[in-house]
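Trainee: I would like to learn how to read the features of a model like this one. Please take me through them one at a time.

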Amino acid sequence: MKTSTYLLLACLIAGSTKTTNAQVTGTIPGTDKSTWSLSNNDGWSIPVITDQNGNYKLNIKALKKGMYSLGEVGDIYLEPSYSLIIRKNNEGYEFSGKGSLENNLIQQIQVPLNRMSSSSGYGVKFSVLLTEPEKFIPIMDKYKEQALLTIDKSRNKFFKTLLHEEINYIRLNKIYNWKLFYGLDSTRMDSLKKTLSIPLAERTKDYTQQLQNAYLYQFSKKMTEEEKKEVDELLYSGWDMNNELLFKNSSSYSYAIRNRINFGTSSGQYKKLSDSLKSPDQAKLIFIRKEIGNDYIKDYFLYTTTLSLIKMSKSSTKVESFYKEYLSSTKVSSRLQDIEQAFKNLKATEKNAIVPDFSYTNSDNQLVSLKSMRGSYVYIDLWATWCAPCIAEIPDLKKLELKLKEKNIKFVSISLDAPAEKNKWLSYVKDNDLHGIQLIADDDFKSEFVRKFGVNSIPRFLLIGPDGIVIDNDAKRPSNPELQKQLEVLLK
């Protein structure tokens, strides 16, 4: 960002330290009225409490002017003394009351993005994914040009300066999402669907390779190396990662920095460093310290990366130095608490620790505790019906269960499907004749037992001894022949 823009933002924000009440009212459409919150990118958040009809009225004290996120409404702009009324319409949401002009402008610049977006999980429509770089980049450049003209209809200087920066990162992130799945052809997806639908009993040893081939077949277009280079240069260079004010107000800017960190540590000198350390997260910590100068932004990404490093580790001794280094460098109490809790959880669940207990419901709606299995070895599979790699492990797990059925070991599969998907899980267990002890966690990834083990991806396997002592907090998969050897030695 140019120095003049920095100075303008600094001057404009000076008045934002003045705080007073703001009011936001509206109605949450549909029946799910418990999940909305009003938050900003600085860690501030309040829940949206509704009446029985979904109506809410938020009176926000000590509000700082800037960008906020409100449930499915998305980005809204608030200032002290604003009084907004929000209503759903065909294109999104419309605003009335004090502050409505700026917020209606935000909705207007979102409309073209909504029209190219999709709920398919790929971020944009399939037609967009087949749009060549020489056509798609100009489309996003035109979007930026039109969006800037729209925002200029406001006379609010702080709002305009903030949104001018935000729009550029909205553009970059849409290009990033397009690049992720560029060439994905909806007419070539049947092969993957058929492969995924093969019954467990009929899947052969090369099933994983079949899945990979079917996945790659879906892409009918591919960028040239020159095209990739040009797009990467657009996404990851020519802009600054140190705008603290923008970071506190723009999730798009934060997302763009995160993508740039990931790209930076997967290429060039940092890629070599990552390979030598055998840890991308360690390389990220070094990248963040060297490449980001702003203390606030640096601390945020050091926090998220250190937290990930601790949660993914099997041993507290291996991450203790990173843990202590972060503790000595941060002054943000909430982040300190998160890091300390994650490290405490790791120590409580690593090898030789006494495993924490759980009580989860089985397919007969009965509570089953881990403590009730004392006296037997316990092999735990954390999985979900939507997780293809998890499903791929089930045939080998069933074989292992059959082979060791006379031994002193219990095989426990804990589904991390959302509570609302319980019936889907029950049907899957029945239709696929799943064996062992089948349980479903009480709150998917947010379940206490799951959080204590720092689980943020599945499949994940745990091995517990008869005395309740953790043998391995990241055990070998059923498809790994070494697991059977390990279990046979333990069960002699």
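Predicted model: local features only at pLDDT ≥ 70, side-chain atom pairs only at ≥ 80, totals over all residues.

Trainee: How many bridges join S12 to S13, and in which sense do they run?

Mentor: Two strands count as paired if DSSP finds at least two bridges between them. S12 and strand S13 (residues 437-440) run parallel and are joined by four bridges. The chain gets from S12 to S13 through helix H17 (residues 422-431), in a right-handed β-α-β crossover. Right-handed means that, with the strands pointing away from the viewer, the path from the first strand over the helix to the second runs clockwise.

Trainee: Which strand pairs with S12 over seven bridges?

Mentor: Strand S11 (residues 377-383) does, in the parallel sense. In that pairing, tryptophan 383 stands opposite serine 415 of S12. S11, helix H16 (residues 388-403) and S12 also make a right-handed β-α-β unit.

Trainee: Is S12 enclosed or open?

Mentor: Burial is judged by relative accessible area: under 20% is buried, over 50% exposed, and in between partly exposed (1.4 Å probe, protein chains only). In S12 (residues 409-415), six of the seven residues are buried, so the strand is largely enclosed by the rest of the structure. Across the chain, 47% of the 492 residues count as buried.

Trainee: How is a pair of aromatic rings described?

Mentor: By the distance of the centres and the angle of the planes. Rings of Phe, Tyr and Trp (its six-membered ring) pair if their centres lie within 6.5 Å; planes under 30 degrees apart are stacked, over 60 edge-to-face, and the rest tilted. A search of the whole structure gives 27 aromatic pairs. One of them is tyrosine 176 with tyrosine 255, edge-to-face at 5.9 Å centre to centre and 90 degrees between the planes. Tyrosine 176 is in helix H5 (residues 157-180) and tyrosine 255 in helix H10 (residues 251-264), so this pair ties together parts 79 residues apart in sequence. Tyrosine 176 counts as buried at 15% relative accessibility, and tyrosine 255 as partly exposed at 25%.

Trainee: What about tyrosine 303 and tyrosine 326?

Mentor: Their ring centres are 6.4 Å apart and their planes at 40 degrees, so the pair is tilted. Tyrosine 303 in helix H13 (residues 295-312) and tyrosine 326 in helix H14 (residues 316-329) are 23 residues apart. Tyrosine 303 is buried at 12% relative accessible area, and tyrosine 326 is buried at 0%.

Trainee: Which charged end sits over the ring of tyrosine 217?

Mentor: The test is that NZ of Lys or CZ of Arg is within 6 Å of the ring centre and within 35 degrees of the ring normal. Arginine 188 has its charged end over tyrosine 217, 4.1 Å from the ring centre. Lysine 88 is placed over the ring of tyrosine 93, with 5.1 Å to its centre.

Notes: Residues numbered from 1 in each chain as written. Heavy atoms only, no water. Helix = DSSP H or I, 4+ residues; strand = E, 2+ residues; numbered from the N terminus.
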